Each structure stands twice: as structure tokens, then as C-alpha cells.
Amino acid sequence: MPGPPSFPVTRRAVLLGGAAALAATSVGTLATPAARAAAPRGEVFTLGVASGDPTPDGVVLWTRLARDPHATNGGMAESAIDVDWQVADDERFTRVRAAGRTRTGPQDGYAVHVEVGGLPAGGTFFYRFGALGRLSPTGTTRTAPPPTALTPVSIAFASCANYEHGYFTAYRHLAQEQPDLVLFLGDYLYEEASGTYRAKSGNPRSYGDPEPRTVEGYRRRYALHHADPDLQAAHAAAPWVSVFDDHEVQNNWAGDHPETPQPDFLGRRAAAFRAWYENVPVRLPQRPRGSTIQCFRRLAWGATATFHMLDTRQYRDVQVGGRAAAAAKRNDPRRTITGAAQEQWLVDGFRRSRARWDVLGQQVFFSQLDLAPGPPRGFNGDAWDGYPAERNRIVASWQQARVRNPVVLSGDVHLHYVADIHADHDDPTSPVVGTELVSSSITSEGDGSEHSAEVAGALARNPHLRYGIARRGYHTARFTPDRMDAAVRVVDRVSRPDAPVRTAAAFTVADRSPGLQKA
């Protein structure tokens with residue numbers, strides 16, 4: 001039998017009592033160790049709330065119940081728990097737009113996904129959950145504008161958050177940007193045994209467990225990340241659009257192949273996919289079926305921007321040649337990083353698009369990046385340089401489709417870069433036909449430096465790279481009908497909390513005028 005509602009029964013009760021009760025468990029109560037220690041006994045919303053994948057009439061709401069993020073099943077023992085949810089026009093929940101009840105339990109990792117529909121297009125809303133007599137923090141979310149609207153959209157995008165490499169200060173600053181959307185491009189967590197990364201960085205934080213290979217092992221890693229107050233602030237600030245890269249499963253995995261031989265890799269991948277789905281705000285089509293998952297998908301922000309979110313892990317051919325990929329093998333036109341079906345899906349999306357900006361949200365460096373002072377040149381076989389024939393086809397396809405303004409967003413390399421994309425990657429005098437923005441990391445590889453020999457060498461060998469820096473942080477971009485304004489946002493340290501954020505570089509791209517211009 002269902003239990004009593006978590007929210008007051010009458011609308012007037014919500015008006016008079018809901019806001020005060022909610023304030024007691026707001027994101028702010030998790031901001032300091034003292035506040036967290038003072039949280040009510042039996043608190044179950046220790047992992048915060050999030051939303052994602054907005055459409056013109058709805059959004060996904062997410063939370064995961066846990067009394068103790070470090071414990072098995074988050075310290076939860078109930079076989080089934082009713083979870084109430086509300087979406088309102090205001091933070092006091094005096095004007096509730098939608099409400100309902102769902103159920104979770106151990107089979108879901110005590111996670112909740114609610115696909116809310118029937119909301120007005122282009123709106124800003126507030127949401128919360130209630131369960132076991134407790135109220136969650138409040139989150140802010142948005143719906144996409146109507147399909148024909150040329151509404152500007154501000155995004156922040158990031159990747160690579162290693163808990164053992166530093167504090168998630170960049171997430172807190174990202175939340176304060178108040179973006180319309182957050183795109184996360186992979187490596188949400190890291191999978192190697194506790195201490196592997198910590199020894200490299202000297203960071204005092206530790207995963208505190210062995211390398212995960214089961215659903216429960218991956219769940220513990222996600223819970224540790226989600227308990228972080230800076231990440232909770234970023235989750236609650238705006239809807240997220242998330243894809244995974246390699247570390248959500250295992251470093252450098254490719255298709256059905258692990259980086260190093262191991263028994264039952266597909267069983268491990270199934271466990272990792274299940275935990276990823278449980279812990280990010282995605283829709284039911286993204287729920288895995290065993291060791292397969294539908295990650296690539298498309299979201300529109302009116303007629304201003306279409307976001308093509310890719311999966312460059314699950315269907316790729318195995319990497320060749322490591323960091324100096326053998327030319328004959330890597331140039332094989334049959335090699336793919338997306339798989340044939342996803343490549344065709346992307347090309348078809350270019351042909352149908354009428355957006356001002358077509359944005360590829362994906363994981364690894366797209367442009368050519370010569371890593372060696374050679375000759376010979378050296379390339380990273382794990383990036384698109386390991387699959388150049390397919391990259392050439394994709395660039396040609398957006399030209400043939402007359403895509404108005406193509407932009408590629410990337411992560412993975414733990415360095416910020418900004419690049420012009422040329423029609424011929426081997427000819428820097430060929431026309432500029434697109435833009436790539438590469439976000440560094442939230443924490444991975446520690447503080448970094450202002451003047452990096454690796455970055456300086458890359459800029460010297462690759463004239464299409466317009467800027468680079470070896471700091472942590474994220475990028476922001478604002479798309480309007482007339483231009484894109486992008487900024488490289490950096491924090492100078494992650495080895496200690498609370499570093500300030502600054503703009504290291506800013507660029508613009510005008511409508512129908514490919515080529516980065518310094519702001």
C-alpha cells in the first residue's frame with residue numbers, strides 16, 4: 001500500500017509549509033562539513049538532484065536516495081520506496097505545474113528518473129523530491145524553446161573529473177554561470193584502484209576502494225562524486241546533457257575490447273553502463289540492455305542550435321599504434337570511431353538540419369593534432385587522428401549538406417584548446433569550415449600550469465590551433481542567431497578548494513563566417 005505523501009496534502013499546506021521544510025535540506029546545507037554534520041538524522045537526499053535532456057515540453061528529473069554515500073546501497077535497506085516529485089514556476093512552490101509519485105528500490109540502485117511532460121516551452125522551473133519524510137534540495141531546470149524560435153542559448157561544457165586529482169571547484173563556478181544547458185563530454189569518474197591517481201597528484205582525497213568491476217562498485221564511485229557539494233551545485237543549476245567516454249568503464253576501451261585482456265569484459269561493461277544510467281539524468285531510451293546502450297542522440301534548442309551527442313567508444317575499431325599511430329593502418333577508410341549506423345545518423349542529421357548552429361558534443365580531440373617534433377609526425381590513436389578517413393567524411397558531409405555553422409565540442413586531453421577546422425587537415429591553407437572547442441578537465445592531472453611545454457609544442461606544430469593552456473576548468477559558449485561567443489574558463493589550482501575562476505581567452509565566430517576571432 002502506498003505511504004502518505006511526502007509533500008503537504010493540500011495546496012495551501014504546500015504554500016505555507018513546503019518552503020520552510022525545503023529550506024532545511026537545501027543545497028546550502030551541504031556546502032560545508034559542519035552543515036553536512038548537522039543534517040537531520042536519516043537524511044536520504046545526500047546525493048542531490050539533477051535534471052537533463054530537455055525538450056520543448058519536458059525534462060528528465062533525477063535523484064538517488066542514500067543515507068550514507070560510502071555504504072553498500074547507500075545505506076538503504078528498504079525493498080521499495082515511494083518518491084514524490086513536484087515541478088513549479090517558483091522556488092516557494094506556490095504555483096505547482098506538475099507533480100506525481102514514482103517508486104525505486106535496490107534494483108534501481110535507489111535512483112529515480114522522472115520524465116516530466118506537458119510543460120510550457122522555453123520556461124524556467126524549480127523541482128524537488130520527497131521521500132521517507134524528507135524533502136530534497138531544490139533544482140532549477142529549463143525546457144527548450146519552440147522548434148522555430150531563434151532563442152539564444154548559453155551552455156557550459158566540461159569533462160574529466162578525477163576525484164583523487166583535486167577538488168571540484170570548477171563545478172561550483174560552472175553553476176554560478178547560470179547556463180541554460182550543461183554538456184558533460186565524458187570521464188565523469190575514474191575507475192582505477194584507489195591511490196593510483198592520488199599518488200600522481202598529492203591530492204588528499206581518495207576513492208578508498210578497489211577498481212570497480214560490478215554494479216555496486218561503480219555505484220559507490222558515483223555516490224562519492226554525487227556527495228560532493230560543488231558537483232551538487234552544478235547539477236542543481238541547469239539541465240545536463242551527458243555522454244560517457246572510457247573511464248566510466250575502463251581506460252581506453254574500444255568496442256568489445258578492453259585496453260588489456262580481462263575475463264568477462266562485456267559483463268563489466270554491462271555493470272558500468274547500468275551504473276551510468278542510474279546516476280545521470282537521461283531518458284528511458286538510454287537505459288542499457290545488458291552490455292549495449294543507446295547513448296548517441298539529438299536535442300534541439302529551437303531553431304538556434306541542434307546538439308548532436310555522439311558515442312565514440314561503443315562502436316569504434318581498436319586503436320592502432322598508440323601515440324604514434326602507423327599511417328597505413330590509421331588511414332584505412334574502413335576504420336570507424338562511431339560505427340556505420342551512427343555515422344549515417346549524423347550525416348542524415350546534417351542534411352535535415354535548419355539550425356543556425358550544429359553542435360557536435362563528443363568525447364575526444366577531433367582536429368588533427370601532431371604530437372611529435374618529427375618528422376615523422378605522431379598522432380594519438382585514441383582520438384579522431386586514429387580514424388582520419390571517417391573524420392574527413394564527416395567534415396565533407398557537413399559541407400555537402402550546407403550546414404550553416406558547424407561547431408565541435410571535445411574533452412579528454414586535460415588541456416584547453418581552441419581550433420579552426422580546415423577542409424583539408426593536412427593543408428593549413430585550405431578553407432576554414434568549422435570550429436572546435438576542447439575543454440580541459442575539472443580536476444584530472446592536478447593543478448596544471450600556465451606555461452606548458454606540451455601546449456607550446458602543439459601550438460607550434462599545429463597552426464590551426466588558435467589557443468591552448470594546461471589549466472583545469474570548463475568552457476562557456478553563447479549561441480545567438482548572429483554569433484557564437486566562447487570563453488575558456490580556468491581555475492589555477494585544484495589541489496586546494498575554493499580557487500577563483502578567470503577567463504583565460506575568449507573568441508567569437510560570426511554567422512556564416514567560419515574562423516575564430518579573438519574577442
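Q: Which residue with a positive phi follows α3?
A: In this predicted model, helix α3 covers residues 169-176. The helix is followed by a residue whose phi is positive, near 50°. That residue is Q178.

Q: Which residues of α3 are buried?
A: Helix α3 is mostly covered, with 6 of its 8 residues buried. Buried here stands for under 20% relative accessible area. The residues in question are T169, A170, Y171, H173, L174 and A175.

Q: What percentage of the residues of the chain count as buried?
A: The chain holds 11 helices and 22 strands. Its length is 519 residues. The share of these that count as buried is 60%.

Q: Among contacts between residues at least 6 apart in sequence, what percentage join residues at least 24 apart?
A: A contact requires heavy atoms within 4.5 Å. The contacts considered are those in the chain between residues at least 6 apart in sequence. The part that joins residues at least 24 apart is 70%.

Q: Is α9 roughly parallel or roughly antiparallel to α10?
A: Helix α9 spans residues 340-352 and helix α10 spans residues 388-400. They pack with their axes 9 Å apart, at an angle of about 20°. Angles under 35 degrees count as roughly parallel. Therefore α9 and α10 are roughly parallel.

Q: Is the crossing of α9 and α10 left-handed or right-handed?
A: The two helices pack at an angle of about 20°. The handedness of the crossing of α9 and α10 is right-handed.

Q: How many residues of the contact of α9 with α10 are nonpolar?
A: From α9, the contact takes E343, L346, V347 and F350. From α10, it takes E390, R393, I394, S397 and W398. Of the residues in this contact, 3 are charged and 1 is polar. The nonpolar ones number 5.

Q: How many of the residues of β17 are buried?
A: Strand β17 runs over residues 432-438. This strand is mostly covered. Of its 7 residues, the number buried is 6.

Q: What is the bridge partner of L409 in β17?
A: Strand β15, residues 406-410, runs parallel to β17. The two strands are joined by 4 bridges. In β17, the partner of L409 is L437.

Key:
Residues numbered from 1 in each chain as written. Predicted model: local features only at pLDDT ≥ 70, side-chain atom pairs only at ≥ 80, totals over all residues. Heavy atoms only, no water. Axes fitted to C-alpha atoms, helices over the stretch in contact; angles between N-to-C directions. Parallel < 35°, antiparallel > 145°, perpendicular 65-115°, else oblique. Left-handed = near helix turned anticlockwise from the far one by under 90°. Nonpolar A, V, L, I, M, F, W, Y, C, P; charged D, E, K, R; others polar. Buried < 20%, exposed > 50% of the residue type's maximum accessible area, 1.4 Å probe, protein only. Pairing = 2+ DSSP bridges.
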